[in-house]
Amino acid sequence: MKDCLYIGTVFHKRYTPKIHELRYNVFTLFADLDQLGNIAKKNRLFSLNRFNLVSFHEADYGNPSASKSVGLKEKMLDLLADNEIDTSKIDTIKVLAYPRVLGFAFNPLTVFYCYGKDNKNIAVIYEVRNTFSERHNYIYAVPDNATFKDQHTAKKCFHVSPFFDQQGTYNFSLVQPDEKIAVTIDYKNSEQSRMTACFSGARQKISDRALLSLSFRMPLMTLKVMGGILFEAIKLKLKGLKIYPHSERHAYQSSQAQMMRKKQDRIIERDTK
């Protein structure tokens, strides 16, 4: 799959203790980490590691304590190796993330797709970030004879929303990146649905014209994401939801995801089409 933009919608729905949902339009970058420099050379309005209308900064991702001289792909390979994944099988790592727009970006979730020869699905890294600038990785090592599309699950172990405790599990569902893409996370506790979060989008070629158009249509998109989080938090507080305090600093770390039984949760079709 060639490097591209995905234009689509983010959908969140909380089921407990009160129903609350939001939906907003976004665009994301989907690119091979080895090709980011070439994308910048071909597009005047996109830059790698420097300011532009739209840009991608490798320091925004991975271990924040890593040396600035270490490239993002190398950081991701080191992360996978630390989690006992054979990196010799990995040829390509592609990232799905909000780029910086006019120098600002906030990515609650970044997905790294790790491919081997013939686009074999090797691993997925879900890098989750909260508003305290902390990061946690949920890593799914794809079993033999399985793909990214096989649903997988991980125990929640990271403070994200102040309106949820750290109990429960995340169930992940992916649509293989192609003309369309989808990433769905169902958050449950004791089989009770707490929240569904989904991004779904359609492919568009990367070009200066597309970047300029999207920046006008969605001005300061990533700032809007951060502002939206705070605005929705105010509304949830006014609804009387309990706040769970963030009691201690979360060091950069990772945890494992495991494949689920196929009879369990499926992608919510109405939110991924």
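Helices (H or I, at least four residues) and strands (E, at least two) are taken as DSSP runs and numbered from the N terminus. On this basis, the secondary structure of the protein comprises five helices and 14 strands. The model is a predicted one, in which local features need pLDDT of at least 70 and side-chain atom pairs count only at pLDDT 80 or more, whereas totals for chains, interfaces and linings use all residues. Residues are numbered from 1 along each chain as its sequence is written, and side-chain values use heavy atoms, with hydrogens and water left out.

Of the 273 residues in the protein, 51% are buried, that is, under 20% relative accessible area with a 1.4 Å probe and protein chains only.

Three strands form an open sheet of mixed pairing in the order 3-4-6, two strands being paired if DSSP finds at least two bridges between them. Strand 3 (46-48) and strand 6 (100-101) stand at the edges with a single partner strand each, so one side of each has no neighbour in the sheet. Strand 3 runs parallel to strand 4 (residues 54-56) and is joined to it by three bridges, with L48 standing opposite F56 in strand 4.

E134 is located in the loop between strand 8 (121-129) and strand 9 (135-141), and counts as buried because its relative accessibility is 2%. Apart from neighbours within four places in sequence, E134 is in contact (heavy atoms within 4.5 Å) with V128, R129, F158, H246, E248, R249 and H250. For H250, the backbone nitrogen lies 2.9 Å from a polar atom of the E134 side chain.

Key:
Buried means under 20% relative accessible area, exposed over 50%, partly exposed in between (1.4 Å probe, protein chains only). A polar contact is a pair of N or O atoms within 3.5 Å; within protein, one must be able to donate a hydrogen and the other to accept it, and residues adjacent in sequence count only if both atoms are side-chain atoms.
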